[in-house]
Amino acid sequence: MTAAPATQPGHQEPGHQEPRHQEPGPGPRRKAPRPLALLTAAAVVAAILALPLVFLLIEASGAGAAELASLIFRPLTWSLLRNTVRLTVVVTAACAVVGTAAAWCVERTDLPGRRVWAVLVVVPLAIPDFVVSFGWHSLWTWAHGFRGAVIVMTLAVYPLVYLPVAASLRMADPGQEEVARSLGVSSVRTFVRITLGQARGAILGGCLLVALVLLAEYGAFEILGYQTFTTEIFTEFSGYSFAASCALSLVLVLLSLLVLAGDGLISIRGHQARTSRTGPRVSPPRRLGWRRWPVLALFAALVLLALGIPVASALYWMAYGLPPALSGGANVSLLDAAGHTALYGGSAAAAATVLALPVALLAIRHRGRMRLVLERSTYLVLGMPGVVVAFALSYFTERYLAGFGYGTAPLLVACYAIMFFPLALVGVKASLARAPASLDEVARSLGQRRLAVLMRVTVRLAAPGLAAAFCLVFLSAVTELTATLLLIPTGTQTLATQFWAYESNLSYSQAAPFALVMIVVAAVPSYVLGRFFQRPGQTGG
Amino acid sequence: MRQVAVTGLYKAFGAHPVLTGVDLEVPAGSLTAILGPSGSGKTTLLRLMAGFERADAGIIAIGDATVDGPGGYVTPERRRIGYVPQEGSLFPHLTVAANVGFGLPARQRRGGKSGKGDALLETVGLGGLGRRYPHQLSGGQQQRVALARALAIEPAVVLLDEPFASLDAHLRASVRADVQEIFRRAGTTAVLVTHDQDEALSTAGRVAALRDGKIAQCAPPEDLYRRPADPGLARFIGDANLLDGVLDGGVVKTLLGCLPLDPAVTSLGTAGQVTVLIRPEQIDIGPNESGIPARVMSCRYHGHDAVLDVQPGNAAAAPPLVVRVTGARHLPAGSAVTLRARGPVFAWPAD
């Protein structure tokens, strides 16, 4: 039988009785129907997310290469670069150590009160960084500059490392450690070779988030008098030096993208294999023995410094600060500010969650190049600090809408939604993973169209996770300061901006209640979130 | 109920071909098992029938309608297939009754107690459990609900993907028997995918052996076991002793003596070298009977029966024969025994 190059499907020799060697599939493959609606929706989302970067590039090209170069290559840039990089490196390293150590103690040892510590060490994440720095700086003036920034930022953001590391230690296969020990590897070397190896991806992922937060932070560094790219962009922008803020933004975005690219390179390697089909086995906790006392002391100190001082400071200023009548300044109702904060935050959270849905669905349920390109492109937003997004959006309204929309609530909400899209995506993806594809298939085999399946099965199952994604964005928007200051609708105040106004006035006693309300407002959803992400993934019940 | 016809089906994932020309007929009202080792592409074949994947080439027809072919492709929701996946995949957020009624039109669903759903639950032996949630059911019960859910839409064909694999051994037999009975009474056309040959042979009316991306043979279980298409298939389905033999008239001469040839063999002439299939239970064993002297090399004891490796004395160089005896016999390694084979035997031309 000659293996003639068959071009027509189904044009095989009729006597198929004798199995021959495997022929390649004949002819061009038929195309499976593509989820066109989903692809379109995801493409629209990707386009929206790309807007800030596009505007920034348009602005940059408008300014001209020569002017940009003169604005970039000057001593100020170098000093900003040095400040920014130095702080980022030191704080990221500190967070990696504190976060990993805390996570290991909580997840893998018999530390007394593990469940309580697990919550207490995460709560500082909910406290806005500028409130933490206010807490320290208003009490002790030595908390200032580089030293102050390192202390405050480490205490404010180490949970970003703690959370993923704790999760990965919880999910990791304890069998690997047991096998290593059985092969004669000492416990210390097992920790280094196996445990840290298992958590490596989580540690690096946490460090990435820390670095990105540091690059984007404005409020805390302004209070502490530490100059970085972001603070300088903010200052230039407020002074209407658009070209200068554009030039610095380019450098800042480049830095952020570098951090992202570094993470991409690292995370390509390292696969996890687990043969067991059952849920993760819990490893027996390591006994601390007498060491539990120093470890307990360290945990108490960490919580005291990260959580106690901001709260105590706010309470202190409320009790002993100058009475509001003497400190002057406009009196804005706390309720009024809280109402606006909730309105903007809620709208942004809803918008970001809805935007994340098509991208997450595509990422989880479909294969193909388009999917990869679309999903990856949305990661670019991670590299866009809030100040740059706000700057780009206000530039857009200025240039193309003749100022229309500037200083309105929709612009601020859009800015939040774009900034916090990655957070929403993480939550939505995690929740969709709880609605396995096999259920979709069953639903379709029962005669349900794609949209009906989405509404009747996928979204219903993902609902708790979607709520978590909503909370995550809400939380972030409520405590956002930088973009809010730049885009706040005319005549309104949020908790953050009003706090900022009082703080800048040194009206600490008036700023304090706002700080306290933000802490409470942010802590509750973060507690709920913590509970959600701590539960192991399960589809039943 | 409709018949299913698959012709010249190709499917590759990337550069890796999975199905390379599958031809399969599933007659209306039959239960056909697709038997293949893991990775043989049997689940892919099922998913192609269901429409979750699209074939690269070939035709799938359900009844008179071509659902996948050069002309077009019918989406899963319009194929009327009852799909029962491996783990049951019940919707965890819905009650048992809502799961069963999931595929019914909205009007029937909202009618509260749908008589149909209740009747189906009754059929699968779960009457009265409609208000439970899936996590409150045992694995076997979940599997039955998944079946009722698939039957509720009055499917043209039911597709089952290793539906009993996740069940405990003792549950498996009873659920399997129930499913068989339900299908038999309803006259359901069903395709069942499994890697378990016991399951395929005991459950299905027809068994299709999938090998190297093609259907090697599709036949009733007794035919497939006693008259496999080639020696490889004989080994794939059950234990097999493949002996050299010489055909002369209707009799084959082997090292176990002269045995009558199965009259169903048509591929042979009247004389010549052949390969003979002797199943382990075709060999009688006894220390006292007249027969070929042999020695037990090893014994694998299963309780109800035992499988012996036996070396015949007249062929010390040949591989040991596999013999099955009842578990009541105690024949430890080293026992001296005699062998006698029972015909008729099946054979192919020697290669």
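## Nonpolar core

Among the 267 residues of the largest nonpolar core, A:Cys415, A:Ala424 and A:Val473 touch the most other members. Such a core is a set of buried Ala, Val, Leu, Ile, Met, Phe, Trp, Tyr and Cys residues joined through C-beta atoms within 7 Å. The biggest contribution to this core, 15 residues, comes from helix α21 (residues 450-478) of chain A. The model is predicted: local features need pLDDT of at least 70, side-chain atom pairs count only at pLDDT 80 or more, and totals for chains, interfaces and linings use all residues. Residues are numbered from 1 along each chain as its sequence is written, while chains are lettered from A and ligands numbered from 1 in the order in which they are written.

Leaving aside neighbours within four places in sequence, A:Val473 is in contact (C-beta atoms, placed from the backbone, within 7 Å) with A:Ala348, A:Ala349, A:Ala352, A:Thr353, A:Phe420, A:Leu423 and A:Ala424.

## Helices of chain A

Helices (H or I, at least four residues) and strands (E, at least two) are DSSP runs, numbered from the N terminus. Helix α15 (residues 334-365) of chain A has 32 residues and spans 45 Å from its first C-alpha to its last. This is close to the 46 Å expected, a figure given by 1.5 Å times one less than the number of residues. At A:Leu357, α15(A) bends by about 30 degrees, and A:Pro358 follows within four residues; the bend is the angle between axes fitted to the seven residues ending there and the seven starting there.

A:Tyr508 belongs to helix α24 (residues 508-534) of chain A. A:Tyr508 is buried, because 22 other C-beta atoms lie within 10 Å, the threshold being 20 or more. Between A:Tyr508 and A:Ala101 there are 407 residues in sequence and 35 Å in space, C-alpha to C-alpha.

## Sheets of chain B

An open, antiparallel sheet of five strands in chain B has the order β2-β1-β4-β5-β6, pairing being defined by at least two DSSP bridges between two strands. Strands β2 (16-26) and β6 (72-73) of chain B each have a single partner strand, so one side of each lacks a neighbour in the sheet. Strand β5 (residues 65-69) of chain B pairs with β6(B) in the antiparallel sense over two bridges, and B:Asp68 has B:Tyr73 as its bridge partner in β6(B).

A second open sheet, of mixed pairing, has six strands in the order β7-β8-β9-β3-β10-β11 (chain B). Its edges are β7 (81-84) and β11 (214-219) of chain B. β7(B) and strand β8 (residues 157-161) of chain B pair in the parallel sense over four bridges, with B:Val157 in β8(B) as the bridge partner of B:Ile81.

How values were computed: A residue is buried if 20 or more other C-beta atoms lie within 10 Å of its own, exposed if 12 or fewer, and partly exposed in between; C-beta atoms are placed from the backbone. Two residues are in contact if their C-beta atoms, placed from the backbone, lie within 7 Å.
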